[in-house]
Amino acid sequence: MKRLSRYRRHRAAGPFLLVVALLAIGTTFNVASATVAQSPNSFARTSAIEEGRQIFLKGCSSCHGLNAEGGAIAPSLIGVGAASVDFQVGTGRMPMADMSTQAMRKAPVYNAEETAALAAYVASLAPGPAIPTDAVLNYERDGSTAEGGELFRNNCAMCHNFAGQGGALTQGKYAPTLMGVEPKYIYEALITGPQSMPVFSDKTITPAEKLSLIKWIKSAENEPNLGGATMGRIGPVTEGLLAWVLGIGLLIGIAVWLTTKAR
Amino acid sequence: MTTAEKRLGNAANFVDERIGAAGWVKKSLNKVFPDHWSFMLGEVCMYSFVILLLSGTFLTLWFDPSQRDVIYEGVYEPLKGIKMSAAYASTLDISFEVRGGLLMRQIHHWAANIFMAAIVAHLLRVFFTGAFRKPREFNWILGILLLTLGFVEGLFGYSLPDDLLSGTGLRITSAIIQAIPLVGTYISFFLFGGAFPGVGFLPRIFTLHVLLIPGAFLAVITIHVMLVWYQKHTQFPGPGRTEKNVVGHPILPVYMAKAGGFFFIVFGVIAFLSAVASINPIWLYGPYTPGQISAGSQPDWYMGWLDGLVRMAPPWETHAFGHTVSWNILIPALIVPGILFTGMAFYPFIESWITGDKREHHLLDRPRNVPNRTALGVMSITFVIVALINGGNDILATNFHLSINQIMWFSRIGIFVLPPLAFVITKRLCLSLQRADRDLVLHGLETGRLVRMPSGEFVEIHEPISPQKRFVLTSHEQAPALELSATDARGVKRPGAIKNKVRARLSKAHAVGLPKVTSEDLKEIEHH
Amino acid sequence: MQDPGPAPHVMRNADIDPKAEKRAEQQVAILFGLSGVSSLLLIYSYVFIASDVFVFIPVMGSQNVQQLGLGLGMSFSLLFLGLGAIHWAKKLMPETEVINHRHEFRSSDEDRDELVKTVKHAAAEVKLGRRSLIKRSLGFSLGLFALPPVLLLRDLGPLPKKQLETTNWKAGTRLVTDPGNRPILASDLEVGAVVQTLPEMPDETERLLSDIAKDPVLLIRIRAEEFQLSPEKLAMTHDGIIAFSKICSHMGCAVALYEQTTKHLLCPCHQSTFDVTRGAKVIFGPAARPLPQLDITVDEEGYLIARAPFNESVGPSYWERNSQ
């Protein structure tokens, strides 16, 4: 106890306690929000559509309306198609954790089966883009990396940065990183235009071109760091920082050693 | 005499009989250089310039500065079959097909970043210690010239590979040129050889980048260093050091070994950075075409503050009589930097006008002892940092989950509020540091040892500081403010009364400081 | 305060202890030796390591072994050489400080007087004041001699003429995808879609970079009822499809960053933000003018075409631009 009270007067005690408190609050919040997600669903499985409707009524209708007609805070889902549902729910963006700026990628709330059911239900409301099958997504065979690069720089780099690392949009919104995103979700995002992202129709960017895009993104993702650590592949800002901190820092350190008298 | 000595003697004799160098060389070898880490910053600049010359020459052996179209057929798979300029293709070849080519490219680019950083650090050292004062004003101006040359040389350098990022930079450069009233459009068409991006810009800036500007650099650096040599280096105040002498190590052997060794250290540190950290990965940016753009397009750091100023500029344009004047470009990109650099170049004369001090100075100031100048310096740094932050606002926004609009508004307000605030805080800090110095001289060092007096009170024991230290803390001079009365002896107003009033005001602000400890003060304390 | 003179000189270990001296000598030798070994590493990497060998290093990721070997070899050979030299100087070379005296830079009064006299004498001998014919003609020649070098630079480039005012968009020019060069049906675009387009070039005409610097157009489809445009501007749209020049009216970057939800266009260079529903009106940032809007319609086959060229210059401002 005595030892503890000594630490209490330590200079770093305040900041330390603050960090501990913040961590504790964060963990509690995480656990609490996770338990909501794990509520088990067991109901009669009449059909995938019916199952999807049930999930929808429980988990989505409070925002999107009982018939997916949309509401004050959420858009209508009629005609968005299975692809849209698969993207939003499969990447964990929906259900949304907080309504502030935009839905973030996180661990999905529903498992693959439930997601498929939801997608089937929403697709049954009105025709919309379907989930691409694995046969369609054979980008290794059907895509061309170089062509994909051209398409990427014309259509994607302005938001997602030259190497797909993501970038800033207005008012705190952002284009997320494309690194580590499954080909299926990239494809779905292109045809459905989630949130701020516009739609890239099959007529203006053909399915074959979309596969090239995916192939280029995957090639950028797997490219070794030629020339050394990349510092995020976000351009000259981190390079300038490193030049000052490590470069000038090291040199000043050595200059100090150089000019002090030896013992 | 050994044979080696004999041979050396013969060679020296051969040279001396023809150009009579012995006297001059002997004198030069006796030159003395004072030791301080901050005096090495200028050397970092010079050494990184040499490294730039060496690595740059290596790159020219393969680089093709042409804008002619080629189809890339090299080893880098993701760009195979893409149409690009020969400049970009040859940069890819240097990176992937010349062994050590990528290393050299990275050495060249890191050296450029460190060159500019070292120039700025060196400039700050000279400014804060007052090393620019008479008789060194010429060298200060030459330094500003070198910094300006560095901006241009750097911009041209990173533009040469013709990748998407540098092309975007050139697009902005051409817009700045076009914004110049009357002649801008013509200058832009002439420089680029037509409408942007033109056909001739890269080969032209290549010649400037590898011949003209390095030549100018070499000439100015030579004069800069020769003046240091001739005028002898400044030194920090200390025991045994006066305005009339310079104390340090002689050229041979200590300074030579240290400075020579330091060249290899600078080269080594730059090579180390180039080995472990990638810089300007042009193969990821892709070739330049004006219809494409990447999120987070930034210039190199030394141009970042200009870009930040352009970003925060208000959307002002004047449209009149069929002409357009783009204040949103002219003010942040040309007028403000123009004023800043002119003011910086003339600062030595401005300060000497304010203080009325026309004497030579070879002993440096400790920044705290000249609060006004130090505060002005910190104020300028704050200005540039706010601009620099705004220059990277999109990168900050993505990495720290902020909004670019917030950062922009922070900078728009901050650029006016923070620099004056920094001025006031720095001035206060300087004065309290002076107070700390004063306490140290008067009462000595706090030891942390407590002693109980017979009366029962606790007293901390103070250890007196060494006479040398005491001398350092009290040897600075404190010139009084200028006395400039607005009227002459007969009460008649003098010409230029307002100018004198301003000057007196500034002089008074400049002379602010705590009275330093005199030997009388100390004697009095000893009596207690 | 009296100058107490320099603090008493303290001898270094190596000055008084032969063992320390020997040790310092060995340390210097080791540093120099390491430098040599590093150079060998460089040579080995250059000759024996293939350029396609990679190794995973924590923090740095997958690294090219040859590049790393060359770089580290070079940097260590330089660093150890420098460290060795400095260590040698610090430990073993004489460290006594030397004092030089400064001289005043001002020349002596005699020298100055003599110089003034020489210059005055020379000036008097030239008698320029009395030879006004020479003086004027010299002024004439000096005034003109600087001109030719400037004039000779004239052929660096063509005159601007109408180049900044014109683009390749003409009445009836089809919009084609970039890249791909495919014409676009109005029905190809769903609500929320965006397409990067260029004007279709007549056969065999090569598209130059200077064309791409002013021709790109961004095609956006929103719900037609969301437009808040003047009747003339609304007439320039087609069925909710609106076309803007992609070249920023501020500094010419590609304003391609479109947010589907807010219908805002953002320029990644300087963050000028344009509102698509209000005809690309500037709502944030340094740009002073909206993006020029292209008048579009469809041809008989249903492909999107320009109804007229741009009615103002695209891209950044310049002195001759008539922006009224």
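## Two domains of chain A

In this predicted model, the centres of domain 1 of chain A and domain 2 of chain A, taken over C-alpha atoms, are separated by 23 Å. Domain 1 covers residues 39-131 of chain A, and domain 2 covers residues 132-224. Where the two meet, 15 residues of domain 1 of chain A are in contact with twelve residues of domain 2 of chain A. On the side of domain 1 that touches domain 2, the residues fall into six nonpolar, seven polar and two charged.

## The make-up of chain A

The secondary structure of chain A consists of twelve helices and two strands. Of the 263 residues in chain A, 45% are buried.

For residues 241-260 of chain A, an unreviewed UniProt entry carries the annotation "transmembrane region". In the model, the chain over residues 241-260 of chain A is 95% helix and 0% strand, and the C-alpha atoms at the ends of this stretch are 28 Å apart.

## Where chain B meets chain A

The contact between these two chains takes 56 residues from chain B and 51 residues from chain A. On the chain B side, the elements that give two or more residues are α5 (101-128), α7 (164-178), α10, α11 (282-285), α12 (301-312), α15 (393-400) and α16 (404-443) of chain B. By class, the side of chain B that touches chain A holds 34 nonpolar residues, together with 16 polar and six charged ones.

## Where chain C meets chain B

Chain B is also in contact with chain C, through 78 residues of chain C and 89 residues of chain B. The elements of chain C that give two or more residues to the side touching chain B are α3 (65-91), β3, α7 (209-212) and β11 (281-284). Of these, α3(C) gives the most, with 17 residues. The residues on the side of chain C that touches chain B divide into 47 nonpolar, 22 polar and nine charged.

## A sheet built from chains B and C

Strands of chains B and C come together in an open sheet of three strands, arranged in the order β1(B)-β4(B)-β3(C) with antiparallel pairing. The edge strands, each of which pairs on one side only, are β1 (32-33) of chain B and β3 (98-101) of chain C. Within chain B, two bridges join β1(B) to β4, the strand of residues 245-250, and the two run antiparallel. In this pairing, B:Phe33 has B:His249 of β4(B) as its bridge partner. Helix α10 of chain B, made of residues 251-276, packs on the sheet and touches β1 and β4 of chain B, while its direction makes about 75 degrees with that of β4(B). The same helix α10 is among the elements of chain B that give two or more residues to the side touching chain A.

Between the chains, β4(B) is joined to β3(C) by four bridges, and these strands likewise run antiparallel. Here B:Val247 stands opposite C:Ile99 in β3(C). Strand β3 of chain C, an edge strand of the sheet, is also one of the elements that give two or more residues to the side of chain C that touches chain B.

Methods:
Residues are numbered from 1 along each chain as its sequence is written. Chains are lettered from A and ligands numbered from 1 in the order in which they are written. This is a predicted model: local features need pLDDT of at least 70, side-chain atom pairs count only at pLDDT 80 or more; totals for chains, interfaces and linings use all residues. Domain bounds come from an automatic or database domain assignment. Two residues are in contact if their C-beta atoms, placed from the backbone, lie within 7 Å. Ala, Val, Leu, Ile, Met, Phe, Trp, Tyr, Cys and Pro count as nonpolar, Asp, Glu, Lys and Arg as charged, and the others, Gly among them, as polar. UniProt positions are given in the numbering used here, feature names are shortened, and annotations may be inferred rather than shown by experiment. Two strands pair if DSSP finds at least two bridges between them. Axes are lines fitted to C-alpha atoms, for helices over the stretch in contact, and angles run from 0 to 180 degrees between N-to-C directions. A residue is buried if 20 or more other C-beta atoms lie within 10 Å of its own, exposed if 12 or fewer, and partly exposed in between; C-beta atoms are placed from the backbone.
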